[in-house]
Amino acid sequence: MTKGSENGPLAGMKVVELAHIMAGPVCGLMLADMGADVIKVEKPDGDDSRRFVPPAINGESAAYMMMNRNKRGIALNLKEPEAVTALRRLLEEADVVIENYRMGTMERLGLGYDELRALNPRLIYCEISGFGRTGPYAQRGGFDLIAQGMSGLMSITGEGPGRPPVKPGAPISDITAGIIAAMGVSAAYARMLQTGQGQKVDTSLFEAAITQTYWQSAIAFATGLAPGPLGSAHPLNAPYQSFRTADGWINVGAANQRNWLRFLEVIGAPELGEDPRFANNHDRMQHLAELEGILNEKLATQTTATWLDRMEQAGLPAGPVLDILEMQADPQALARDMIVELEHPSAGPVKTLGHPVKFSETPASIRSAAPVLGQHSREVLSEAGYDGETIDAMISAGAVIAP
């Protein structure tokens, strides 16, 4: 098992991940892909995502394996003093700790920010919570669904006014919080390398979801009105949405005036360019429902493949609406190494998603499958200075779990 990557941009960074399910593990996953040595610390029965089944592959949760590739795994029973002491020893040598426990949990373990800063002044202490560690909601637990609703996202998602609220299919606040946290950790790490001083990095699902509302918040700031759902349409530009074809759906981005007129030539409707309802973007937005109806009728006369071919020849931004399996087989996704196969110790060959950032000199890499519970407990404790006899005793006492 590789301890991080020697070539990644974060090679040499040591991370202890005290996080479960998604937001925290996404942060750890991003750092691990970029070369950090991420040690995932699990409770005796493992991260809760190990029980997100079905689906499973040879008994291993597909959800857990997706979120925890490239990490080493150790399992500790933090109700045992020996386990807390072992964790403290790991944190004494770490560059980063990631935690997404309820507020106060780390303090009760004697591992709060103030205690760990005294132990290791270089440590970057990354907290990911539902609402952040300050403010009136700091004590609340948080989940993706709750954050999406309170951020305004669910008020702008869906088919249109008067319909039930819709959550985006992906857990956007969880994933975005993890990515933002990894950005914050990377920035704090750069600062720490300059000054030798760590700091706290604090973000939340709530704030992560709010960052997805840039356009709608701009509209609300400017008008004093809350934007509503528009289906696949854009709140500021048209046409920029999905349209029905003879055999499916196509996304078209023809909002600027040049592309709009080019689009009308492709679909054989140049007369719409003279229609005062659609003369410019402002007019098209004012008559969006009428425009959508006309364009759906036009585009329904040909297949998605036909339209895509014609639009590509015309240099128009367009693409099909793929399902997940189609995306995973797409030649561009494959060419960009976004689908990667790994060998898992018990599940066998498993596929995972690749890293979304390509570095020319220090490439990210997908090196190893997610660990089985406690897979690296002995290895990690040995690196921390424990001898084999002591490790055996800790395992026998239930403080440490190993396969």
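In this predicted model, Asn58 is placed in the loop between strand E3 and strand E4 (60-61), where helices (H or I, at least four residues) and strands (E, at least two) are DSSP runs numbered from the N terminus. The phi of Asn58 is near 50°, a positive value in a residue other than glycine, and at 60% relative accessibility Asn58 counts as exposed, given that buried means under 20% relative accessible area, exposed over 50% and partly exposed in between (1.4 Å probe, protein chains only). A positive phi, near 70°, is also found at Asn70, which lies in the loop between helix H2 (62-67) and strand E5 (71-76); Asn70, however, is buried, with a relative accessible area of 1%. Most residues other than glycine have a negative phi, and most peptide bonds are trans. Residues are numbered from 1 along each chain as its sequence is written. As the model is predicted, local features need pLDDT of at least 70 and side-chain atom pairs count only at pLDDT 80 or more, while totals for chains, interfaces and linings use all residues, and side-chain values use heavy atoms, with hydrogens and water left out.

The peptide bond from Val53 to Pro54 is cis, with omega near -5°, and Pro54 is located in the loop between strand E2 (37-42) and strand E3 (56-57). Ala238 and Pro239 are likewise joined by a cis peptide bond, with omega about 0°, Pro239 being found in the loop between helix H9 (214-223) and strand E9 (240-244).

The axes of helix H6 (residues 144-151) and H7 come within 7 Å and cross at roughly 95°, the axes being lines fitted to C-alpha atoms, for helices over the stretch in contact, with angles running from 0 to 180 degrees between N-to-C directions. H6 is therefore roughly perpendicular to H7, a class that covers 65 to 115 degrees, whereas angles under 35 degrees count as roughly parallel, over 145 as roughly antiparallel and the rest as oblique. The contact (heavy atoms within 4.5 Å) is made by Asp144, Ala147 and Gln148 of H6 and by Ile172, Ser173 and Asp174 of H7.

Ser173, in helix H7 (residues 172-195), counts as buried at 0% relative accessibility. A polar contact of 2.6 Å joins the side chains of Ser173 and Asp144; such a contact is a pair of N or O atoms within 3.5 Å, and within protein one must be able to donate a hydrogen and the other to accept it, with residues adjacent in sequence counting only if both atoms are side-chain atoms.
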